[in-house]
Amino acid sequence: RHNPRLVYAWASGFGSKGPDSDLPALDTIALARSGMMMAMGEPGTPPQSAVGAIADQTTANMLSYGVLAGLLARERVGVGQEIDVSMLGSMVFLQSLNVNLTSIRGREFTRRSRAQAGNPLQNYYRCADDKWVLLAHTQADRYWHDFCEVLGIEELEPDPRFVDMKARAENCEELIRILDGVFATRSQEEWLRLLRKKYLFFSPVNSMAEVVKDPQVIENEYLHDIDHPALGAVKMTQLPINFSKTPVQLRSTAPVFGQHTEEVLMELAGLSWGDIEKLKEQEVI
């Protein structure tokens, strides 16, 4: 009521409405409640939990997007407002494709079995060095010829069991067993080099240790060098959006609680040290 142009935000576990609005929540609770834990893994396996606080990070991103939109709205129409996001809502939104499919058509995406993948060219295979290669040919018939050529299985191309997507789906387990044997003959690096020769859809299945050293990640500056006050020189993720005229750069690590309070009050609000001392005495800050 004192500042109608104020844009302020808060995040909760389950949103500001509903019977569970006051319940506590953590990352894994949001994964469970949003259906994500049952969307991962193979059929018949227990619920799977994503590593790395996915719900926490997604909710933080949604909160920041909301604040930016609120600031833009204030600039355009002159009003401030409250921004309200939740962990549950953020994870539901992250899975929009599956959620919308379930809501509209009454069915959800089913968990996939690697050994029974209906499209063997949209699957992942273990290489001789125990690393994995992912294939992602959703329109597999367009790539069947080149795929057979790269893998050296030209004799399978005209085979009636595998001649098109319908036949390969009907005989998927047999073809996957064959491909398992083929991929097991070379290292991941060798397969990646061969697959590059044709315009095929593939990727190494990276560990996190491999991600932070991936040349594509480094070259595009998805990780940025920064001097951490406790750890020294380290690489950290930064915003993966490149602005041609107003480039973004990670300038500092996350502040500790209240680290910039005095700076903000003095430089932006024009308060003096005396004013700040009074606010401290009144336990406002």
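1. A residue is called buried when its relative accessible area is under 20%, exposed when over 50%, and partly exposed in between (1.4 Å probe, protein chains only). By this criterion, 27% of the 285 residues of the protein chain are buried.

2. The model is predicted: local features need pLDDT of at least 70 and side-chain atom pairs count only at pLDDT 80 or more, while totals for chains, interfaces and linings use all residues. Residues are numbered from 1 along each chain as its sequence is written, and side-chain values use heavy atoms, with hydrogens and water left out.

3. The protein chain contains 13 helices and seven strands, taken as DSSP runs (helices H or I, at least four residues; strands E, at least two) numbered from the N terminus. Its radius of gyration is 26 Å, well over the 19 Å from the globule rule for 285 residues, so the chain is more spread out than a compact globule. The radius is taken over C-alpha atoms, and the rule is 2.2 Å times the number of residues to the power 0.38.

4. Twelve salt bridges are found in the whole structure, each a side-chain nitrogen of Lys or Arg within 4 Å of a carboxyl oxygen of Asp or Glu. One of them joins Arg 114 to Asp 180, with the closest N and O atoms 2.9 Å apart. Arg 114 lies in the loop between helix 5 and strand 3, and Asp 180 in helix 8, 66 residues apart. Arg 114 is buried at 15% relative accessible area, whereas Asp 180 is partly exposed at 24%.

5. Another salt bridge connects Lys 280 and Glu 262, at 2.6 Å between the closest N and O atoms. Lys 280 belongs to helix 13 and Glu 262 to helix 12.
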